[in-house]
Amino acid sequence: MNLRVRKIYEALFALEDLREIFRQALPTAAATGTATTAATGTALDESGEEELADGIARVEAILRELKYGKGSPIKHIDAEGRIELRTREEEFININSIQPGGRLTPAARKALIAYGDGYSVCDKCLGGRLDGIRKPPVEEFHAELAEFVGMDEVRVVPGARRGFQAVASSLLGKRTGEGTGKGTGKGTGKGTGKGTGEGDIVLVSDLAHYTEFLAVELAGGVVREVPSGEAKKITGDAVAEEVERVKSETGRLPKLIILEHFDYNFGNEHDVYGVGKVAKDYGVPFLYNGAYSVGMVPVDGKKIGADFVVGSGHKGMAAVAPSGILAVTEEWAPKIFRSSQIVGDLTGRRFGNKEPEMLGCTLMGGTLLSLMASFPTVKERVNRWDEEVKKSNYFCREFLRVAGSKISSELPRKHTLTKVDTRESFDTVARTHKRRGFFLSDELKRRGVVGEFAGSTRVWKFNTYGLNWARLKYLGEVFVEIAEKYGLVEGAGGG
Ligand SMILES: *Cc1c(COP(=O)(O)O)cnc(C)c1O
């Protein structure tokens, strides 16, 4: 436990309490009998002033403790002790596989402080459309975002999954009268979409994320998995073969192809350019899943040949969850971002300025503002992707010094997410260790390394994204040191 880190949290919380005083006070000095204009700075009544002075003294005391490393560390955010502080980014090196790209920038954390209130982005919403808000500059942000991923139009969505959902829902046929829900009265809803009533087909990878499956399911479609083969890499040819198979079996083309640039399982790079070309050749729309790339890797959707580009704010764009983006080409914008047509039968109300796939508005506060605040950093950091890959490969080389360890992902690494197999290294120790599989996470934690691998010494994943060289070298040393302790380094000292 790092006392200074915890003192910083304590001071931040104490400042929030000061902020609250103003949220309870009158906006003018009326409380003291002088109804002057607001914002003159003396709006607190006597007890408020007293509370403020006490609060400032408290902040000063905490800062003194921070400065001199004194006092006791706080452990929770609340007095009841129900919610623990989250300090893993400050007190540890976090190599969790899904978290590094979503680590907030300082700007995003400030945005969260300032825009954390519910519908905070709606202060100056004139047209009833999130993407039209000028203050804060949401409209401008949308334009920049589209350019950033090389597409024409973009909307922010609550997670990549909601991007898949909007596209699947727009493209897949609604199965009304097609096998489901025929019949009346008691017999309704029988038939589960088998046989002729089967829904539209979407091609996904055999390494596809579950959210792609669910988006297709919800839209009434079915998936066909394209095999990634021995190499665990999806090629354009494999997709073309599956398109042909679907065509000859059903007489129709798939309605959509979804492929992730980097899959969540191995972090392998898949041939999105090749698939983009195949998709064009067959005239099948192509959704580029950039959950593990947008915001970390340079992405040019049109160059790839994508009709849709989906990114994740909390996975790759240093934003608060749930957030993400759905970008489309000009050609698809009218279909995906179509306007609402529904009319109230009683009131005749219409909502022509709302987009049904977005359910009107999506990210209305801290999520969007964190995305926007991080954006300048995100735009710049994608240019340093090569360096991230270099660091990833450096770490993998160090990791392989642990005798018996294997990298399950492709080598050399092209991403920072890596799957490893330590059944013949760390797991040989776990078999006789009294802590069993937990020994490795114990040893790592003791050295300040955390991730999501409690108990897993067998096949697991880590992600080195965003670690500077100092942290990365330390990380390498930690693994080698643990290996040495348990006699797992052959020819120790070699490089
Ligand atoms: C994480 C991930 C998703 C889901 O992203 P959300 O933004 O959480 O919805 C989808 N696809 C892949 C490949 C992922 O790695």
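**Close-up views of the predicted model**

View 1. R401 is partly exposed, with a relative accessibility of 23%; buried means under 20% relative accessible area, exposed means over 50%, and partly exposed lies in between (1.4 Å probe, protein chains only). The structure is a predicted model, in which local features need pLDDT of at least 70 and side-chain atom pairs count only at pLDDT 80 or more, whereas totals for chains, interfaces and linings use all residues. Residues are numbered from 1 along each chain as its sequence is written, and side-chain values use heavy atoms, with hydrogens and water left out. R401 forms a salt bridge with E398, at 3.1 Å from N to O; a salt bridge is a side-chain nitrogen of Lys or Arg within 4 Å of a carboxyl oxygen of Asp or Glu. E398 has a relative accessibility of 15% and therefore counts as buried.

View 2. The side chains of D17 and R58 meet in a salt bridge of 3.6 Å, N to O. D17 belongs to helix α1 and R58 to helix α2, so that the pair links distant parts of the chain, 41 residues apart; helices (H or I, at least four residues) and strands (E, at least two) are DSSP runs, numbered from the N terminus. R58 is partly exposed at a relative accessible area of 41%, and D17 is partly exposed at 44%.

**View 3. Salt bridge between K302 and D152.** The closest N and O atoms of this salt bridge are 2.6 Å apart. K302 lies in helix α10 (residues 301-304) and D152 in the loop between α5 (138-148) and β2 (153-157), so the pair ties together parts that are 150 residues apart in sequence. K302 is partly exposed, with a relative accessible area of 42%, and D152 is partly exposed, with 30%.

**View 4. Patch of negative charge on the surface.** D45, E46, E49, E50, E51 and D54 gather in this patch. Patches are made of residues with over 30% relative accessible area and no salt bridge, with like charges joined within 9 Å and nonpolar side chains (Val, Leu, Ile, Met, Phe, Trp, Tyr) within 5 Å. Asp and Glu count as negative, Lys and Arg as positive, and His and the chain ends are not counted. The place of a charge is NZ of Lys, CZ of Arg, CG of Asp or CD of Glu. D54 is located in helix α2 (residues 46-68) and is exposed, with a relative accessible area of 53%.

**View 5. Nonpolar surface patch.** I8, L12 and I113 make a nonpolar patch of about 250 Å²; accessible areas come from the Shrake-Rupley method with a 1.4 Å probe, and for residues only the protein chains shown count as cover. L12 is placed in helix α1 (residues 3-24) and is partly exposed, with a relative accessible area of 42%.

View 6. The peptide bond from A321 to P322 is cis, with omega near -5 degrees. P322 lies in the loop between α11 (313-316) and β8 (324-328). A318 is placed in the loop between α11 and β8. Although A318 is not a glycine, its phi is positive, at about 55 degrees. A318 counts as buried, with 0% relative accessibility.
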